[in-house]
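Here are some notes to read alongside the model, written for someone meeting it for the first time. Please keep the 3D view open as you go through the points.

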Amino acid sequence: MKYQNVIWEGRFQPIHIGHLSYIKRLLEYGDHLWIFVVENEKSTDVLHFGQKSPVPDFTSIVDTHHVNEKNPLPFWLRYRLVIDTIKFEFRDNVPITVLGGRRLDLAWDIYSKIFPPNRVFITPLRDSFEDCKAKAWRDLGEKVIRVEVDDLPKISATQVREKIKNQEPLKRLLSPATVSLLKQYGYVGSI
């Protein structure tokens, strides 16, 4: 079944060929793909004066993924990497919009109004973290579809960052556009 608007969010630390393969899969599910690049922030950085997340269980789990060690690339660079890499890999032939900003769970009152109508959130059937995301979107009243990804490349951004740190080849892990930008801004060798 194809949906009008498919939404996928992530940190993209950095975007890699596993992400690109997943984007191709997501395009099979929707007329338009909305990719949302989220800030590296913990709920304690954002929520003040008794504010609470609308999905507290999710927020507490996500906070552990937003620690500095797992997120060396700044938001502006990750956002640019996603835009430039998608443009390089897909040209202008695909209906993809890239947005970015505060974590969805920390500003849901805004995003619930900004995201297009007739939307579905898609999360991979991969691990407990993605299970938690799917539950959070459902708890917020969103339609959620789970997608099988066992046949896609098994790459993590952690592996990519380790190879960059060790100055190992990146050809099989990153798009040339991603490598070019990481070099341009001096992140290759310093991550």
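**Notes on the predicted model**

1. Let us begin with the cores. I23 and I35 touch the most other members of the largest nonpolar core, which has 37 residues. A nonpolar core here is a set of buried Ala, Val, Leu, Ile, Met, Phe, Trp, Tyr and Cys residues joined through side-chain atoms within 4.5 Å; buried means under 20% relative accessible area, exposed over 50%, partly exposed in between (1.4 Å probe, protein chains only). Leaving aside residues up to four places away in sequence, I23 touches W8, I15, L33, I35, I86, F90 and I96, where contact means heavy atoms within 4.5 Å. There is also a second, separate core of 20 residues, with I7, F36, A107 and W108 among them.

2. A word on the basis of these notes. This is a predicted model, in which local features need pLDDT of at least 70 and side-chain atom pairs count only at pLDDT 80 or more, while totals for chains, interfaces and linings use all residues. Residues are numbered from 1 along each chain as its sequence is written, and side-chain values use heavy atoms, with hydrogens and water left out.

3. Next, look at helix α7 (residues 157-165), whose buried residues are A157, V160, R161 and I164. Helices are DSSP runs (H or I, at least four residues), as are strands (E, at least two), numbered from the N terminus. Why are these residues on the same side of α7? They cover an arc of only 95 degrees around the axis, taken from the directions from the helix axis to the C-beta atoms. The buried residues of α7 pack against α8 (176-184).

4. Just after α8, G186 takes a positive phi of about 75 degrees.

5. Some backbone details deserve a look. Most residues other than glycine have a negative phi, and most peptide bonds are trans. Q167, in the loop between α7 and α8, has a positive phi near 55 degrees; Q167 is exposed, with a relative accessible area of 65%. N118 has a positive phi of about 50 degrees and sits in the loop between α5 (108-114) and β4. N118 is exposed too, at a relative accessible area of 53%. Finally, a cis peptide bond joins Q13 and P14, with omega about 0 degrees; P14 is in the loop between β1 and α1.
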